[in-house]
Amino acid sequence: MDMETLMAQAGELQSKVTAAQEKLAGMRVKGLAAGGACIVDMSGKYDINSVTINPALVAQGAPAIEAAVLSAMRDAKAKADVLIDDVMSDATAGIQMPQ
């Protein structure tokens, strides 16, 4: 593979990755915990948009709230990880990597 072809592929890859990152910024996932009593809304770039806590969960006290928020954040992150993998795989599909 010559240098010109390699540079063209690098530019194409950079353009696709940038577009994928912009797409991810606009995508949302929801992490759930405590049977849906705690919901974390997160972007595909791990930005937290909102946290919703059901009043019934609040009545259970701080330890229950802390556990639910942590669990919902972990769930949202796991979902965002899958989303990121899918979007980035699509962005890099068909690009031959040098060997």
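Helix 1 and helix 3 cross each other in a right-handed sense. The model in which this is seen is a predicted one. The axes of the two helices come within 9 Å, and the crossing angle is roughly 150 degrees. Angles over 145 degrees count as roughly antiparallel, and helix 1 and helix 3 are therefore roughly antiparallel to each other.

Which residues make this contact? On helix 1 they are Leu13, Lys16, Val17, Ala20, Gln21, Lys23 and Leu24. On helix 3 they are Leu83, Ile84, Val87, Met88, Ala91 and Thr92.

The strands form an open sheet of three, in the order 1-2-3, and the pairing is antiparallel. Strand 1 and strand 3 (residues 48-53) stand at the edges with a single partner strand each, so one side of each has no neighbour in the sheet. On average, neighbouring strands of the sheet are turned by 15 degrees against each other, with direction ignored.

Helix 3, which runs from residue 62 to residue 92, packs on this sheet. Helix 3 touches strand 1, strand 2 and strand 3, and its direction makes about 145 degrees with that of strand 1.

## How the strands pair

Strand 1 and strand 2 (residues 38-43) are joined by six bridges in the antiparallel sense. One of the pairs links Ala33 with its bridge partner Cys38 in strand 2. Strand 2 and strand 3 also pair in the antiparallel sense, over five bridges. Here Met42 has Ile48 of strand 3 as its bridge partner, and Val40 stands opposite Val51 in strand 3.

How much of strand 2 is buried? Five of its six residues are buried, and the strand is mostly covered.

## The two turns

Strand 1 and strand 2 form a hairpin with four residues between them. Ala34 lies in the loop between these strands. Its phi is near 55 degrees, which is a positive value in a residue other than glycine. With a relative accessible area of 49%, Ala34 is partly exposed. The cut-off for exposed is over 50%, so a value of 49% leaves Ala34 in the partly exposed class.

Tyr46 is partly exposed, at a relative accessible area of 37%.

Which side chains of strand 1 (residues 28-33) point to the buried face? The side chains alternate along the strand: Val29, Gly31 and Ala33 point to one face and are buried.

Apart from its neighbours within four places in sequence, Val29 is in contact with Val40, Asp41, Met42, Ala76, Lys79, Ala80 and Leu83. One of these contacts, Ala80, is 51 residues away from Val29 along the chain, yet the C-alpha atoms of the two are separated by 6.3 Å.

In soluble globular proteins, nonpolar side chains tend to be buried together. The largest nonpolar core of this model has 19 residues, and Val29, Cys38 and Leu57 touch the most other members. At least two residues of this core come from each of helix 1 (residues 3-26), strand 1, strand 2 and helix 3. The largest share, ten residues, is supplied by helix 3.

What does Cys38 touch, leaving out residues up to four places away in sequence? Its contacts are Gly31, Leu32, Ala33, Val51, Thr52, Ile53, Leu57, Ala68, Val69 and Ala72. Among them is Ala33, the residue whose bridge partner is Cys38. Leu57, another of these contacts, is named together with Cys38 among the core residues that touch the most other members.

Definitions and conventions. Residues numbered from 1 in each chain as written. Predicted model: local features only at pLDDT ≥ 70, side-chain atom pairs only at ≥ 80, totals over all residues. Heavy atoms only, no water. Buried < 20%, exposed > 50% of the residue type's maximum accessible area, 1.4 Å probe, protein only. Pairing = 2+ DSSP bridges. Axes fitted to C-alpha atoms, helices over the stretch in contact; angles between N-to-C directions. Contact = heavy atoms within 4.5 Å. Core = buried A, V, L, I, M, F, W, Y, C linked by side-chain atoms within 4.5 Å. Parallel < 35°, antiparallel > 145°, perpendicular 65-115°, else oblique. Left-handed = near helix turned anticlockwise from the far one by under 90°.
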